[in-house]
Amino acid sequence: MTSPTSVDPQALEDLVDANHILFNKGVVDAFGHVSVRHDKRPDRFLLARNMAPALVRADDVQEFDLDGNLTTDDARRVYLERFIHGAIYHARPDVAAVVHSHSPSVVSFSAVKSAKFRPISHMCGFLGDGAVRFEIREFAGDATDLLVRNGALGVALAKTLGSGNVVLMRGHGSTVVGPTLKHAVYRAIYTEVNARLLADALRLGDVEYLSSGEALATMKTNEGQLERPWALWKEAANRDRTR
Ligand SMILES: [Zn+2]
């Protein structure tokens, strides 16, 4: 057990806001979680204790090493699926934030093998050539509770994610990553939006997806102005909380 390193107060505030925003936008409910890599210790990350994201306050945030162990003596309950976060931070030095959720429209695409999850809107270019799908049965048999509840499953998930931004988890949800917390939150919100739009579009007929070039170009444009949606989402989430 080591002592916690001091965290940038702004990073902590942003993480609390991210929890509230993701609830306000319907990405998480009582379940799901968001983490950020420690700003001074890249071998650690910050994640709330086991609780509903909408209720998270700064003193609910705990610090973990990349194996998912708490770095302090803290008897409070931790999230079962914290291994998702540590394994991805270990595998992906470019990632500084991770959102894991069960956002409902995405679950359908996780369960239908033949349905491609590619971007159909210019707001969702970060999906690139499409999200990969994690099949937990390949790693843990056909009688699990589908949760990434140990380090080995975390590593398997990170391997499936590869260099992508989004991994679908069959019958469960998705995990979304970004080079900053604001990227990860934006992408998690628009992963759910893409799923809704795509489910609608598939009912209408043949879908024209963004090309690889369009996906890249639109990602660069939208992710160059993340402060704009962040300010709106933060305001809306805080307004709803204080009503
Ligand atoms: Zn989960």
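## Pairing of S4 and S7

S4 and S7 pair in the antiparallel sense over 5 bridges. Two strands pair if DSSP finds at least two bridges between them. Helices (H or I, at least four residues) and strands (E, at least two) are DSSP runs, numbered from the N terminus. Ala97 has Gly178 in S7 as its bridge partner.

The model is predicted: local features need pLDDT of at least 70, side-chain atom pairs count only at pLDDT 80 or more, and totals for chains, interfaces and linings use all residues. Residues are numbered from 1 along each chain as its sequence is written, and side-chain values use heavy atoms, with hydrogens and water left out.

## The sheet

S4 and S7 belong to an open sheet of 7 strands. The strand order is S3-S2-S1-S4-S7-S6-S5, and the pairing is mixed. Strand S3 (61–65) and strand S5 (132–134) form the edges, each pairing on one side only. On average, neighbouring strands are turned by 25° against each other, direction ignored. Axes here are lines fitted to C-alpha atoms, for helices over the stretch in contact, and angles run from 0 to 180 degrees between N-to-C directions.

Strand S1 (residues 33–37) and strand S2 (residues 44–48) run antiparallel, joined by 3 bridges. Arg37 has Phe45 in S2 as its bridge partner. S6 and S7 also run antiparallel, with 4 bridges. Leu168 stands opposite Ser174 in S7. The hairpin of S6 and S7 has 3 residues between the strands, and Gly171 takes a positive phi near 70° there.

## S7, covered on both faces

In a regular strand the side chains alternate between the two faces of the sheet. In S7, Gly173, Thr175 and Val177 on one side are buried, as are Ser174, Val176 and Gly178 on the other. Buried means under 20% relative accessible area, exposed over 50%, partly exposed in between (1.4 Å probe, protein chains only). Because 6 of the 6 residues of S7 are buried, the strand is largely enclosed by the rest of the structure.

## Helices across the sheet

Helix H2 (residues 83–91) lies across S1, S2, strand S4 (97–101), strand S6 (166–169) and strand S7 (173–178). H2 runs at about 145° to S4. The helix is mostly covered, with 7 of its 9 residues buried. Among them are Phe83, Ile88 and Tyr89. The cover over the buried residues includes S1, S2, S4, helix H5 (151–161), S6 and S7. Contact means heavy atoms within 4.5 Å.

Helix H3 (residues 104–111) lies across S5, S6 and S7. H3 runs at about 75° to S6.

## The zinc site

Glu81 (OE), His100 (NE2), His102 (NE2) and His172 (NE2) coordinate the zinc ion at 2.0 to 2.2 Å. Donors are N, O and S atoms within 2.8 Å of the metal (3.2 Å for Na, K and Ca); water is not among the atoms, so sites may look incomplete. Along the chain the donors follow the spacing E-x18-H-x1-H-x69-H. His100 is buried at 0% relative accessibility. His102 is partly exposed, with a relative accessible area of 28%.

The 4 donor atoms subtend angles of 95 to 141°, so the arrangement is irregular. Four donors count as tetrahedral if all angles lie between 85 and 135 degrees; four count as square planar and six as octahedral if opposite donors are over 155 degrees apart and all others between 65 and 115; anything else is irregular.
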